[in-house]
Amino acid sequence: GFGGPEMLAASLALLASGGPLPPPFPPASPAPPPSPPALPPAPPSDPCSDDPAYALCSSADCNCDDPRNKGCGCDYWRGYECKDGGFGWNSEREKADLLRACPVACTDVVNPCPPPPGPPDPPPFPPDSAPQPPPNPPPSAPPSPTPLHS
(Lines give C-alpha, C1' and ligand atoms only; values in the text may rest on other atoms or scores of the structure.)
Protein backbone atom coordinates (compact mmCIF):
# COMPACT_ATOMS: atom_id res chain seq x y z
CA GLY A 1 0.00 0.00 0.00
CA PHE A 2 0.99 3.64 -0.15
CA GLY A 3 2.48 4.78 3.12
CA GLY A 4 0.34 4.55 6.16
CA PRO A 5 -1.58 6.78 8.53
CA GLU A 6 1.60 8.80 9.18
CA MET A 7 1.89 9.77 5.51
CA LEU A 8 -1.77 10.80 5.42
CA ALA A 9 -1.36 13.01 8.48
CA ALA A 10 1.67 14.71 6.95
CA SER A 11 -0.11 15.52 3.70
CA LEU A 12 -3.14 16.85 5.60
CA ALA A 13 -0.88 19.13 7.61
CA LEU A 14 0.65 20.45 4.40
CA LEU A 15 -2.82 21.11 2.96
CA ALA A 16 -4.04 22.81 6.12
CA SER A 17 -1.06 25.15 6.20
CA GLY A 18 -1.62 26.02 2.56
CA GLY A 19 2.07 25.76 1.80
CA PRO A 20 4.22 28.88 2.12
CA LEU A 21 1.99 31.74 3.20
CA PRO A 22 1.80 34.89 1.05
CA PRO A 23 2.96 38.02 2.86
CA PRO A 24 0.09 39.33 4.98
CA PHE A 25 -1.73 42.31 3.55
CA PRO A 26 -0.98 45.49 5.43
CA PRO A 27 -3.88 46.14 7.79
CA ALA A 28 -6.41 48.44 6.21
CA SER A 29 -5.58 51.87 7.51
CA PRO A 30 -8.44 53.13 9.68
CA ALA A 31 -10.51 55.76 7.95
CA PRO A 32 -9.51 59.25 9.10
CA PRO A 33 -11.98 60.57 11.65
CA PRO A 34 -14.58 62.75 9.96
CA SER A 35 -13.44 66.32 10.16
CA PRO A 36 -15.68 68.46 12.34
CA PRO A 37 -17.97 70.71 10.33
CA ALA A 38 -16.22 73.93 9.48
CA LEU A 39 -17.34 76.65 11.82
CA PRO A 40 -18.70 79.72 10.10
CA PRO A 41 -16.26 82.60 10.38
CA ALA A 42 -16.91 84.85 13.32
CA PRO A 43 -19.29 87.57 12.24
CA PRO A 44 -17.60 90.93 11.82
CA SER A 45 -18.27 93.33 14.64
CA ASP A 46 -21.90 94.26 14.34
CA PRO A 47 -22.13 98.01 13.72
CA CYS A 48 -25.69 97.96 15.02
CA SER A 49 -25.06 96.76 18.55
CA ASP A 50 -22.47 96.97 21.28
CA ASP A 51 -20.00 94.12 21.63
CA PRO A 52 -20.85 92.47 24.95
CA ALA A 53 -17.39 90.93 25.17
CA TYR A 54 -15.53 94.21 24.86
CA ALA A 55 -13.71 95.43 27.94
CA LEU A 56 -10.51 97.28 28.69
CA CYS A 57 -9.40 95.44 31.78
CA SER A 58 -5.75 95.93 30.95
CA SER A 59 -5.99 99.60 31.82
CA ALA A 60 -4.83 100.62 35.23
CA ASP A 61 -7.40 103.40 35.14
CA CYS A 62 -10.43 101.15 34.89
CA ASN A 63 -10.73 98.34 37.41
CA CYS A 64 -12.91 95.65 35.88
CA ASP A 65 -13.54 94.17 39.31
CA ASP A 66 -15.18 97.34 40.57
CA PRO A 67 -18.93 96.94 39.97
CA ARG A 68 -19.26 100.70 39.48
CA ASN A 69 -17.14 100.37 36.35
CA LYS A 70 -19.59 97.92 34.74
CA GLY A 71 -16.78 95.75 33.42
CA CYS A 72 -15.01 98.68 31.71
CA GLY A 73 -16.90 97.91 28.55
CA CYS A 74 -19.65 99.57 26.58
CA ASP A 75 -21.95 100.08 29.56
CA TYR A 76 -19.21 102.13 31.21
CA TRP A 77 -19.38 104.56 28.27
CA ARG A 78 -23.13 104.56 27.70
CA GLY A 79 -24.29 108.09 27.02
CA TYR A 80 -20.79 109.56 26.69
CA GLU A 81 -18.64 110.59 23.77
CA CYS A 82 -15.90 108.06 23.20
CA LYS A 83 -13.66 109.54 20.54
CA ASP A 84 -11.44 111.43 22.97
CA GLY A 85 -10.97 108.46 25.25
CA GLY A 86 -9.81 109.12 28.77
CA PHE A 87 -10.57 107.09 31.91
CA GLY A 88 -7.82 104.71 30.84
CA TRP A 89 -8.58 104.76 27.12
CA ASN A 90 -5.52 106.71 26.08
CA SER A 91 -3.95 105.21 22.98
CA GLU A 92 -5.39 105.70 19.52
CA ARG A 93 -5.78 101.92 19.32
CA GLU A 94 -7.81 101.80 22.52
CA LYS A 95 -10.07 104.62 21.40
CA ALA A 96 -10.57 103.05 17.98
CA ASP A 97 -11.46 99.71 19.56
CA LEU A 98 -13.89 101.45 21.90
CA LEU A 99 -15.63 103.28 19.06
CA ARG A 100 -15.86 100.10 17.01
CA ALA A 101 -17.09 97.91 19.86
CA CYS A 102 -19.64 100.30 21.35
CA PRO A 103 -21.46 102.09 18.52
CA VAL A 104 -24.68 102.24 20.49
CA ALA A 105 -23.26 103.26 23.87
CA CYS A 106 -20.99 105.99 22.50
CA THR A 107 -23.00 109.09 21.67
CA ASP A 108 -20.51 110.25 19.06
CA VAL A 109 -20.65 107.18 16.83
CA VAL A 110 -22.87 107.74 13.84
CA ASN A 111 -24.93 104.62 13.96
CA PRO A 112 -25.25 103.41 10.37
CA CYS A 113 -28.12 101.11 11.16
CA PRO A 114 -31.64 101.69 10.08
CA PRO A 115 -34.13 101.76 12.91
CA PRO A 116 -35.96 98.49 13.37
CA PRO A 117 -38.60 98.15 10.69
CA GLY A 118 -41.90 99.66 11.69
CA PRO A 119 -45.08 99.85 9.66
CA PRO A 120 -44.20 100.94 6.13
CA ASP A 121 -44.83 104.55 5.33
CA PRO A 122 -47.95 105.07 3.25
CA PRO A 123 -47.07 105.95 -0.32
CA PRO A 124 -46.77 109.70 -0.66
CA PHE A 125 -49.79 111.30 -2.23
CA PRO A 126 -49.20 114.24 -4.53
CA PRO A 127 -50.19 117.43 -2.75
CA ASP A 128 -53.48 118.86 -3.88
CA SER A 129 -51.72 121.94 -5.14
CA ALA A 130 -49.94 119.93 -7.82
CA PRO A 131 -51.35 120.90 -11.20
CA GLN A 132 -53.60 118.13 -12.37
CA PRO A 133 -53.34 117.13 -16.00
CA PRO A 134 -56.46 118.25 -17.90
CA PRO A 135 -58.95 115.42 -18.13
CA ASN A 136 -58.93 113.76 -21.49
CA PRO A 137 -61.71 115.16 -23.67
CA PRO A 138 -64.36 112.52 -24.27
CA PRO A 139 -63.70 110.83 -27.57
CA SER A 140 -65.77 112.47 -30.26
CA ALA A 141 -68.47 110.21 -31.63
CA PRO A 142 -67.14 108.31 -34.59
CA PRO A 143 -68.66 109.53 -37.85
CA SER A 144 -71.54 107.32 -38.84
CA PRO A 145 -70.41 105.06 -41.62
CA THR A 146 -71.63 106.16 -45.01
CA PRO A 147 -73.47 103.29 -46.68
CA LEU A 148 -71.71 102.27 -49.80
CA HIS A 149 -73.77 102.55 -52.97
CA SER A 150 -73.49 99.50 -55.06
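Modeller: Here we are. Keep in mind that this is a predicted model. Let us begin with Cys 57, which has 47% relative accessibility.

Biologist: Why is Cys 57 called partly exposed?

Modeller: Buried needs a value under 20%, and exposed needs one over 50%. Cys 57 has 47%, so Cys 57 counts as partly exposed.

Biologist: What makes Cys 57 and Cys 64 a disulfide?

Modeller: The cut-off is a pair of cysteine sulfur atoms within 2.5 Å. The sulfur atoms of Cys 57 and Cys 64 are 1.9 Å apart. The pair therefore passes the test for a disulfide. By this rule, the count comes to 4 disulfides.

Biologist: Why is the disulfide of Cys 57 and Cys 64 called left-handed?

Modeller: Look at the torsion about its S-S bond. The value is about -105°, so this disulfide is left-handed.

Biologist: How do you know that a disulfide joins Cys 62 to Cys 72?

Modeller: Again, the sulfur atoms must lie within 2.5 Å. For Cys 62 and Cys 72, the S to S distance is 1.9 Å. The torsion about their S-S bond is about -95°, so this disulfide is left-handed.

Biologist: Which parts does the pair of Cys 62 and Cys 72 tie together?

Modeller: Both cysteines lie in the loop between helix H1 (5-17) and helix H2 (74-77), so the pair ties together parts that are 10 residues apart in sequence.

Biologist: Are Cys 62 and Cys 72 buried or exposed?

Modeller: The limit for buried is under 20%. Cys 62 has 1% relative accessibility, so Cys 62 counts as buried. Cys 72 has 0%, so Cys 72 is buried too.

Biologist: What makes Cys 82 and Cys 106 a disulfide?

Modeller: Their sulfur atoms are 1.8 Å apart. The cut-off is 2.5 Å, so they qualify. With -95° about the S-S bond, this link is left-handed. Cys 82 lies in the loop between H2 and helix H3 (92-101), and Cys 106 in the segment after H3, so the pair ties together parts that are 24 residues apart in sequence. Cys 82 has 0% relative accessibility, so Cys 82 counts as buried. Cys 106, at 2%, is buried as well.

Biologist: Why does Asp 66 count as buried?

Modeller: Asp 66 is found in the loop between H1 and H2. Its relative accessibility is 16%. Buried means under 20%, so Asp 66 counts as buried.

Biologist: What makes the link between the side chains of Asp 66 and Arg 68 a polar contact?

Modeller: An N or O pair must be within 3.5 Å. The side chains of Asp 66 and Arg 68 make their contact at 2.7 Å. That distance is therefore inside the cut-off.

Terms used:
Residues are numbered from 1 along each chain as its sequence is written. This is a predicted model: local features need pLDDT of at least 70, side-chain atom pairs count only at pLDDT 80 or more; totals for chains, interfaces and linings use all residues. Side-chain values use heavy atoms; hydrogens and water are left out. Buried means under 20% relative accessible area, exposed over 50%, partly exposed in between (1.4 Å probe, protein chains only). Helices (H or I, at least four residues) and strands (E, at least two) are DSSP runs, numbered from the N terminus. A polar contact is a pair of N or O atoms within 3.5 Å; within protein, one must be able to donate a hydrogen and the other to accept it, and residues adjacent in sequence count only if both atoms are side-chain atoms.
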